[in-house]
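Let's take a look at the pockets of this protein and at what lines them. Here is the structure to follow along with.

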Amino acid sequence: MTNATLYHIGFGRNDLGETPPSIALLSGDPERAKLIAHSYLHSVRLLSENRGLDSYVGILPNGRSLLCATSGMGASSTSIVVHELVQVGIRLIIRVGSCGSIQEHVAVGSTVITSAALCRQGAANDIAPIEYPAAADPFVTVALAHAANTLNVKYHVGITASVDTFYEGQERSQSVQRPLLRSLREITEEYRSLNILNYEMESGTLFKMAGVYGFRAGCVCGVVAQRTVKEDIVLAEKDTAIDNAIRIAIKAAEQWEEPY
């Protein structure tokens with residue numbers, strides 16, 4: 001743990017107050033971090049707006065301190081932020097994101113709680129070997145599922161394909177102005193047959209880092225695209241999906257009890 005101001009996140013342990021948070025909700029979008037902080041916490045303080053990695057600290061209704069941080073898009077940026085969050089004392093990180101479904105039964109507007117990730121990310125390979133499991137903490141996964149049940153939010157628990165690119169890596173062949181690499185053609189159908197639920201871009205690296213560095217991690221994402229129908233994000237359902245993911249993460253953070 002360090003009291004120094006960290007280069008990328010722009011704050012240090014001393015900035016977190018007398019009762020520093022041990023839990024962080026991590027969003028790719030700085031506006032989502034701001035929304036979470038100002039909609040669900042009180043006594044909110046802006047910690048940093050450094051490099052677009054906006055961070056806030058505030059208090060949950062039960063009195064627990066919570067950090068709302070921004071990872072940026074993709075695994076490389078996420079790995080930097082996660083390293084620095086752990087350095088200032090964060091012991092549980094819940095990613096609150098968006099994703100695209102690749103299964104017909106996983107509808108837009110619902111949520112996916114990732115139990116493990118098929119990790120196809122270069123950043124993760126710098127953390128641990130390819131074979132190293134990218135698994136969420138099981139207690140965090142159960143806490144997220146329990147929160148979703150409490151809130152009566154539609155959710156699915158399962159495996160996520162966590163990849164480095166939004167277009168090529170998620171086989172958006174209509175959006176890419178050249179033929180995809182042969183290794184990526186029909187990969188979505190292959191993943192579908194493996195019972196993978198969705199695509200996203202950060203959880204695999206987050207989970208490997210949690211295993212290697214000894215903190216807990218989970219992930220809940222709002223489903224904003226249905227890839228069995230089309231490549232595009234369904235903007236009409238986006239806000240509902242993201243709000244559902246946020247509410248699940250907030251409830252889980254509020255009810256969290258360290259299991260051992």
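## Who lines the largest pocket

Strand S5 (92-101) gives the largest share of the lining of the largest pocket, with five residues. Keep in mind that this is a predicted model.

Sorted by class, the lining of the largest pocket splits into ten nonpolar, seven charged and six polar residues.

How big is the volume of the largest pocket? The value comes out at about 480 Å³. There are 23 residues lining this pocket, and if you want to find its centre, look for Arg32, Met73, Ser98, Phe166 and Met201, the closest ones to that point.

## The second largest pocket

Next up is the second largest pocket, with a volume of about 270 Å³. Its lining is made of 18 residues, and those closest to the centre are Arg91, Asp137, Phe215, Arg216 and Ala217.

Which elements give two or more residues to this lining? They are helix H6 (203-213) and strand S9. Helix H6 gives the most, three residues.

As for classes, the lining of the second largest pocket has ten nonpolar residues, along with five charged and three polar ones.

Key: Residues numbered from 1 in each chain as written. Predicted model: local features only at pLDDT ≥ 70, side-chain atom pairs only at ≥ 80, totals over all residues. Heavy atoms only, no water. 1 Å grid on protein atoms, 1.4 Å probe; cavity = no way out; pocket = protein on both sides within 12 Å on 5 of 7 lines; lining within 4 Å. Points joined across faces, edges and corners; volume = space filled by probe spheres on them. Helix = DSSP H or I, 4+ residues; strand = E, 2+ residues; numbered from the N terminus. Nonpolar A, V, L, I, M, F, W, Y, C, P; charged D, E, K, R; others polar.
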